[in-house]
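This report concerns a complex of protein chains. It treats charged pairs first, then the contact between the chains, and finally the nonpolar core.

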Amino acid sequence: MESFEQHLRQQQPREIPSEWRSQILCAAEAASVQGNLRMPDTLIARLGWQIRAYLWPHPIAWAALGASWVVILVVNLSLHEPSPMMAKKSAPVTPDTLAELKRERVLFAEVAGLSEVPDVDRAKKNALEPRTENGGQAMA
Amino acid sequence: MPRGLDIKRLYDDHAQSLYAFLLNLTRNEADTHDLLQELFVKLAREESSAAGMQNERHFLIRLAHNAAIDLIRRRATRDRTREQFAAENISQFAPVNDPDEQVFREELSVALGGLPPDQRAVVHLKLWQALTFEEIARTLDISPNTAASRYRYGVDKLRDRLRLLYDELKSAEQ
């Protein structure tokens, strides 16, 4: 190293102000203690740690928000009544009801002037037969 | 490094070096304080980030360098004249009784302020931290050739600026 660089090297840098030590170490200690921010080892504890770290800035605000949602849910459930449509859907169909429906269908057919009551099952039966045979019958 | 960083020991061992390095880069004592505090707070808060460090000094210098570069960039966008202003007023060397040497130190401080931060960092680490170019390269994440060339450019600029003062000092000694 040449003499100029050697001379530069001999220049003594300023001393760090002594009062900084306590200031900086206090700040570091406060940061360390503040949230006990050392990451735990187990998965559940780590999850709890992350949630706590996430909620940490305003825990009361988050708690109030959660409580208000619980109140809304409880009020909503207590005022809730099942609708008539839902009640009908949930009620079991009795044989009397089926007989009544069949009578109403026959009556409707008579009023509409139909010669016979439409048989839904017959159409289904035809639909199950092969199309080629259907076509052959139609041609015949 | 094992868990449970001894922040006080780290401070006692390295704060002086980090202070000189940061002061050289920021040219501002308040910024140096903030960066140094930020660095130790970060170490205390995120001990795991320091878990893999091989060499404490190099690791801390790297953290300090990154923080200082971030600050310089932010400052550049905020106020482009501040660094120049600070560079003309800050003295990063200890006062000395010899008036000629004192003048040289003040001029050296100003001359360092005129270097680009990249060159300033390498010159500081080479001259006042006694790091090799390989160590500087690892610390600053650059190649050894880049470190050497930055050092050479920086020292040449310092020599040009301080030539007269240096020659007077040498002639006075003889």
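The model is predicted, so local features need pLDDT of at least 70 and side-chain atom pairs count only at pLDDT 80 or more, while totals for chains, interfaces and linings use all residues. Residues are numbered from 1 along each chain as its sequence is written, chains are lettered from A and ligands numbered from 1 in the order in which they are written, and side-chain values use heavy atoms, with hydrogens and water left out.

**Salt bridges**

Asp156(B) forms a salt bridge with Arg159(B); the term denotes a side-chain nitrogen of Lys or Arg within 4 Å of a carboxyl oxygen of Asp or Glu. These two residues are separated by about one helical turn because they stand 3 residues apart in helix 8 of chain B. Helices (H or I, at least four residues) and strands (E, at least two) are DSSP runs, numbered from the N terminus.

Together, Glu5(A), Arg152(B), Asp156(B) and Arg159(B) are linked in a network of salt bridges.

Another pair joins Asp118(B) and Arg150(B). Asp118(B) belongs to helix 6 of chain B and Arg150(B) to helix 8 of chain B, so that the bridge links distant parts of the chain, 32 residues apart. Both are partly exposed, Asp118(B) with a relative accessible area of 34% and Arg150(B) with 22%. Side chains of opposite charge can pair when their charged atoms come close.

| Salt bridge | Closest N and O atoms |
|---|---|
| Asp156(B) and Arg159(B) | 2.9 Å |

Over all chains the count comes to 12 salt bridges, and between chain B and chain A the count is 4.

**The contact between chain B and chain A**

Contact here means heavy atoms within 4.5 Å. By this criterion, 43 residues from chain B and 29 residues from chain A take part. The area buried between the two chains is about 3,300 Å², and carbon and sulfur atoms give 60% of this area. Buried area is the accessible area (1.4 Å probe) that two parts lose on being put together, summed over both.

Across this interface there are 19 residue pairs in polar contact, with both residues at pLDDT 80 or more. A polar contact is a pair of N or O atoms within 3.5 Å; within protein, one must be able to donate a hydrogen and the other to accept it, and residues adjacent in sequence count only if both atoms are side-chain atoms. On the side of chain B that touches chain A, the elements that give two or more residues are helix 1 (7–26), helix 2 (29–45), helix 5 (99–113), helix 6 (117–127) and helix 8 (144–173) of chain B. By class, this side has 24 nonpolar, 7 polar and 12 charged residues. Ala, Val, Leu, Ile, Met, Phe, Trp, Tyr, Cys and Pro count as nonpolar, Asp, Glu, Lys and Arg as charged, and the others, Gly among them, as polar.

His7(A) lies in helix 1 (residues 3–9) of chain A and is buried, with a relative accessible area of 6%. Not counting residues up to four places away in sequence, His7(A) touches Glu101(B), Phe104(B), Tyr166(B), Leu169(B) and Lys170(B).

**Chains and nonpolar core**

Chain A has 8 helices and 0 strands, and chain B likewise has 8 helices and 0 strands. Buried residues make up 12% of the 140 residues in chain A and 49% of the 174 residues in chain B.

The largest nonpolar core has 56 residues; such a core is a set of buried Ala, Val, Leu, Ile, Met, Phe, Trp, Tyr and Cys residues joined through side-chain atoms within 4.5 Å. Helix 1 of chain B gives the largest share of this core, 10 residues. Among the residues with the most contacts inside the core are Leu8(A) and Leu36(B). Leu36(B) touches Ile16(A), Trp20(A) and Ile24(A) as well as Ala15(B), Leu18(B), Tyr19(B) and Leu22(B), not counting residues up to four places away in sequence.

How values were computed:
Buried means under 20% relative accessible area, exposed over 50%, partly exposed in between (1.4 Å probe, protein chains only).
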